[in-house]
Amino acid sequence: MGKATEFDKLRKRRRIKRAFRRTTMLMIFGAIALSLFLIWSVAYQLDFTSRAQNFFSSLKPGSGFPVAVDDMNVEKLLPLGKDVAVITTSGNYVYNSRGARLATFLNSYNIPVTHAAGGKLLTFDAGGNGLRVDNKSEELYQLTTQGKITAGAICETGAFAVADSDQGSLGRVTVYNAQCEEMYRWTTGKCHLYQLALDQNGEMFCAAGVQVADGNLVSQLHFHHFNKDEEAGYVELPDELVLSLCWNLSGRLQVITDRSLRVYDKNGVEMARADVPADLTNFENSPNGFIYLASGDYRAAEGALVTAYDEMLRQTGSVRLGEKIFSLQHDSGHLLLLTENQLYLGDQSLSQLKPREGQELFYVAGVGNHLYGIAEEGLIYEGL
């Protein structure tokens, strides 16, 4: 073969450059396509459409506070980001911090139960068949279950779960993603389910059930991960009834029963345990890792006792009050303790507690450094 000329060498270099440019462009387009797919996937899983609706709904102008609630039979207030849901016996009403009503969601449930997380409301008919999911502006999903609903849960990602009875078994848990699509199902013949909790990332759940063994009640805890078919953990609690399940931000499960406090890892391995007073009257199980218990008779000379525990169930503080305690709420490092006469503000370790000046409140919900409350004149919104 003849020796390559300078012209041949030049053409070869040009071909290499063109091939390099094409390869580079294909890699860039591939990276962009992959990035767009990942963004779409994350947006789809977290339901960014609903979150965008919530964001713009929160900007709606209002006429301020107080807002009349004379026609409502209020049961509680639930925070929805910086906004609030007024939970009543006939439905839920959503307001923003400007006093504007964002939505009204009525229901005909016999025993409505509502939970809030991720800017959404999960409402179901306990002992019935109805369930619905709403955001701050519209209904997202309705479901009529085959069995009777015994428990429900929703987490910050927008995923939610429902426990109901199932033909051929004692209980069933069905989990839905933020798009309201079924993504996991588990049935059991071991127990009747009555408590349910999703972890903060929507990756696992714990269900509490009860059965009778030798004439005694035995509660069970069932741990399930959505990326595994088999049960991740199983715990029996003889002669105890589970009052509350809560996954904290560290990925641990905080359990309150009528006899004990317990903390488990994601596989059901017990990490801490403490006793619950026999005369327990109120409790707060906070995802921030704190548990608060109120016990005793406020009319007694020593008054009612309120005790705080950290996520390893070490007592961090306590206080006694001679007033009937209505509720305990933990939010953003604050403890809101509402009695029949007064709202008290405390730090999360309960090393200090002081009365809050202002009008009498019947219900409260903390939102950062502000609170929503139900007072004589209606719904209010004030700084702490």
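This report describes a predicted model of a protein chain and then looks at one of its strands, β19.

## Basis of the model

Because the model is predicted, local features need pLDDT of at least 70 and side-chain atom pairs count only at pLDDT 80 or more, while totals for chains, interfaces and linings use all residues. Residues are numbered from 1 along each chain as its sequence is written, and side-chain values use heavy atoms, with hydrogens and water left out.

## The chain as a whole

The protein chain has two helices and 31 strands, where helices (H or I, at least four residues) and strands (E, at least two) are DSSP runs numbered from the N terminus. Its C-alpha atoms fill a box of roughly 110 × 60 × 45 Å along the principal axes. Of the 384 residues, 46% count as buried, a term for under 20% relative accessible area, with exposed meaning over 50% and partly exposed in between (1.4 Å probe, protein chains only).

## Strand β19

Strand β19 covers residues 260-264, and five of its five residues are buried. In a regular strand the side chains alternate between the two faces of the sheet. Here Ser260, Arg262 and Tyr264 point one way, whereas Leu261 and Val263 point the other way.

## Its two neighbours

Strands pair if DSSP finds at least two bridges between them. Strand β18 (residues 253-257) runs antiparallel to β19 and is joined to it by four bridges, with valine 255 having arginine 262 as its bridge partner; the two strands form a hairpin with two residues between them.

On β20 (residues 270-275), β19 pairs in the antiparallel sense over five bridges, and serine 260 stands opposite aspartate 275. This second hairpin has five residues between the strands, and glycine 268 takes a positive phi near 85 degrees there.
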